[in-house]
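Visitor: I'd like to learn how to read a structure like this one, feature by feature. Could you walk me through it?

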Amino acid sequence: MLKLIKEILRVGEATLPYPFAPIELSPGYRGKPQHDPELCIACAACAIACPSNALTMVTDLDQGFQTWSYFVGRCIYCARCEEVCPTGAIVLSSDFELAVMNKADLYEQADYKLAACRECGIYFAPVKEIQYVLALLEQSSLSAERLAQERSLLEVCPECRRKKDIPKLVSLYQEAI
Amino acid sequence: MTLLTKERTKIGQKYVEALRTRFGNSILDESWQAPDQVTVTVELNSLPEVVEMLYYQQGGWLASVAGNDERPLNGHFAMYYILSVEGSQENNSQDAEKAYVVVRVEIPPHKPEFPAVTPKVPAAIWYEREVRDMFGLQPVGLPDERRLVLPDDWPDELYPLRKDTMDYRFRPEPTTEEETYEFIKVEGEGIVQIPLGPLHITSDEPGHFRLYVDGENIVDADYRLFYVHRGMEKLAETRLHYDQVTFLADRICGICGYAHNVAYSTSIERALGIEVPERAEYIRTILLEVERLHSHLLNLGLACHFVGFDTGFMHFFRVREKTMKMAELLTGTRKTYGMNLIGGVRRDILKDQRVKVLQWLKELRGEVTDLVGMLLETPNIVQRTLNIGRLEPQVARDYSPVGPTLRGSGFARDIRVIHPYCAYDRVPWKLTYKDGCDVLARTLIRAEEFFESVSMVERCLDGMPEGPVLTEGFKYKPYQFALGYVEAPRGEDIHWSMLGDNQKLYRWKCRASSYNNWPALRYMLRGNMISDAALIVASIDPCYSCTERVTLVDVRKKDVTIVPYKEMERYCRERKDSPLKSANFGRIKAK
């Protein structure tokens, strides 16, 4: 008993003053993801990786928009989005005080324009994603001719590209025979 | 990526040979998933005898049973009886070959029934009830035909885990307003069954206990759980891909989630023959032991609470905070670590973290030594726990309980020793077991394991090799399957996973440790006083907020008293004012 009383005296008060004083978090603490809409290219890698559907990507083919959205209520702060993001547009902060007075504040959204196919006019990929691929190609020391070729390919949707490729393949096949 | 290419030495071959000698043509097929993991397909009618032979003659323990709807693959349902076969149990010998032998049977869809194993091996009882609920496979000869997992108001012919029955989001209309579950009847005295009305769930994990009492003595006990079955297996099989399931596995349990996470990840890695980098193995071991630290401190705190030593409870929880901080420092969060992907871990442990954790471990060792000393000096503790809630070795042998519950009854059985995984065979440590068979033995084991875990984390931090922490670039192969196993703080967690052809699991059977401990609890409660019931339940360390309400049935007066769980807890601590004598609780006179 005496030991216990000594221990109680030694320890003193164990309760932290939080929330009246800030609480100390470990470095690398996983809090709310911060999305930078400028860096984001709307590639949807995060939405595919997200285990809990907190991140979703909805495509509106009529209006030509792709909407990235994040719902705090479903987020499990696992940082998979941060791991798979090719541009560093999502980084986890250490923010954990996420209660809000208005439910709508739990959602974040960002709209991205889609590019229309040069051939069929149907929207097929986010403009920024195409720009990102082009920028990568420009950095990869291709010849000017090859680059122009790639650029024109990027303006066409995969469906039309396939259709355009068929006659080419047929002629290649005939040549081979 | 490195695949297991070296010539496999087959551990456990002799058990299969013995089966072949005795059952001959009834053994249809044999396939090896790992050097110590074999699946033997047997003829349906010989199932009970095969399992019985493995269990009682070759030192088998029932780890899990998985049902599987393999009609799209081979036209049959299948059952997998997963046994850890460990040879003779005499003198706790550690020499015999230890292997997982999985007995597989195929069940024709036009006649979905199989001979029940439970009459020969009681440990199968919950599994066979579950398989009947989830797959509609009838165990013929099962002594207990009540539902286990499905609620009373679930439609009769709807079997959730069959591949062709339902989407994971489907919620059928309730078929009844009443609870129709039949609790056991205690023979001789004619117990009246009282319907308890609609469920009243105040905690996150409710369960219903029914104690049959004669005066203050518990004659028998029955309980019903699964009120909050979450359908995680179905969710994983239909919605998540392999890496995402690791995060779901983290959420199976709020205490030992990482153990489930490792069990799941290793099951997939084993099925595909992926070799995890050694550093990742060490990191997993460290985190598993950090998890054990906080879990055992929680249970030791509760042990204080239930013997009325609440100051001790507070201090164990104060110290426990350090282990939670440790997890936060190493993983970025206090619980649901989310550290695994298939192939390794996501974060390395850096020097700063290592130094800090080592310092905290040193402090913890000192503080907990003092606290455990104070707990044992409390005059109450031995008096309240010695010879209370006895789990007789024979009952333990029959029901395959796991973890400290089993080790308290004299069995030196710990998966970390028997089937070493991660880095457990590379760091030295000492296994703890006791012969007391009572609440005291189980509590002392947890205290000793705490210190062993502290040392193990220290050794791992000092001895971990340099190198990568994640293997990438492997290919998933459809319909491969294997077991993953982890000794969680409460006993082994077993995951059986079969991969699919669409980047999703075909079947995921996860079994948490308490699942194996619940069926034996009935025998621990018998012959004890009501005032010790809460203490005994706590000694198996189940996910505890479960037991919201207890029904007492007086076998002599034929009274049924419904007591709120809080009151049972109070009685356990104070041992004054028996709830049976109190008029404050609804008492219903038998007709």
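**The core, the sheet and the chains**

Guide: Let's start with the core: the largest nonpolar one has 193 residues, and B:Tyr81, B:Ile82, B:Leu83, B:Val101 and B:Val103 touch the most other members. Helix α8 (residues 278-306) of chain B gives the largest share of this core, 15 residues. Keep in mind throughout that this is a predicted model.

Visitor: What is the general idea behind looking for such a core?

Guide: In soluble globular proteins, nonpolar side chains tend to be buried together.

Visitor: Okay, on to sheets. What is the strand order in the open sheet of 3 strands in chain B?

Guide: The order is β12-β13-β14, with antiparallel pairing. To find the edges, look for strands that pair on one side only; here those are β12 and β14 of chain B. Neighbouring strands of the sheet are turned by 15° against each other on average, ignoring direction.

Visitor: And how many bridges hold β12(B) and β13(B) in their pairing?

Guide: There are 8 bridges between strand β12 (residues 481-488) of chain B and β13(B), in the antiparallel sense. As one pair to look at, B:Phe481 has B:Met498 in β13(B) as its bridge partner. The link between β12(B) and β13(B) is a hairpin of 2 residues.

Visitor: What about β13(B) and β14(B): over how many bridges do they pair?

Guide: Those two pair over 6 bridges, also in the antiparallel sense.

Visitor: Is β13(B) mostly covered or mostly open?

Guide: Mostly covered: 9 of its 9 residues are buried. Now see which helices lie across the sheet. Helix α7 (residues 257-272) of chain B lies across β12, β13 and β14 of chain B, running at about 150° to β12(B). Helix α16 (residues 513-525) of chain B also lies across β12, β13 and β14 of chain B, at about 125° to β13(B).

Visitor: Backbone angles next. Which residue has a positive phi in the hairpin of β13(B) and β14(B)?

Guide: That is B:Gln503, with phi near 65°, in a hairpin that has 5 residues between the strands.

Visitor: Why does B:Gln503 count as partly exposed?

Guide: Because B:Gln503 has 13 C-beta neighbours inside 10 Å, and a residue would need 12 or fewer to be exposed and 20 or more to be buried.

Visitor: Where in chain A does A:Ser141, another residue with positive phi, lie?

Guide: A:Ser141 lies in the loop between α4 (127-139) and α5 (144-154) of chain A. Its phi is near 50°. A:Ser141 counts as exposed because it has 7 C-beta neighbours inside 10 Å.

Visitor: And which peptide bond is cis, with omega near 10°?

Guide: The one from A:Tyr18 to A:Pro19. You'll find A:Pro19 in the loop between α1 (2-11) and β1 (33-35) of chain A.

Visitor: Let's step back to whole chains. How many helices and strands does chain A have?

Guide: Chain A has 6 helices and 6 strands, in the pattern α-β-α-β-β-α-β-β-β-α-α-α along the sequence. Its radius of gyration is 26 Å, well over the 16 Å from the globule rule for 177 residues, so chain A is more spread out than a compact globule. Along its principal axes the C-alpha trace of chain A spans about 100 × 35 × 30 Å.

Note on methods. Residues are numbered from 1 along each chain as its sequence is written. Chains are lettered from A and ligands numbered from 1 in the order in which they are written. This is a predicted model: local features need pLDDT of at least 70, side-chain atom pairs count only at pLDDT 80 or more; totals for chains, interfaces and linings use all residues. Helices (H or I, at least four residues) and strands (E, at least two) are DSSP runs, numbered from the N terminus. A nonpolar core is a set of buried Ala, Val, Leu, Ile, Met, Phe, Trp, Tyr and Cys residues joined through C-beta atoms within 7 Å. Two strands pair if DSSP finds at least two bridges between them. The radius of gyration is taken over C-alpha atoms; the globule rule is 2.2 Å times the number of residues to the power 0.38. Axes are lines fitted to C-alpha atoms, for helices over the stretch in contact, and angles run from 0 to 180 degrees between N-to-C directions. Two residues are in contact if their C-beta atoms, placed from the backbone, lie within 7 Å.
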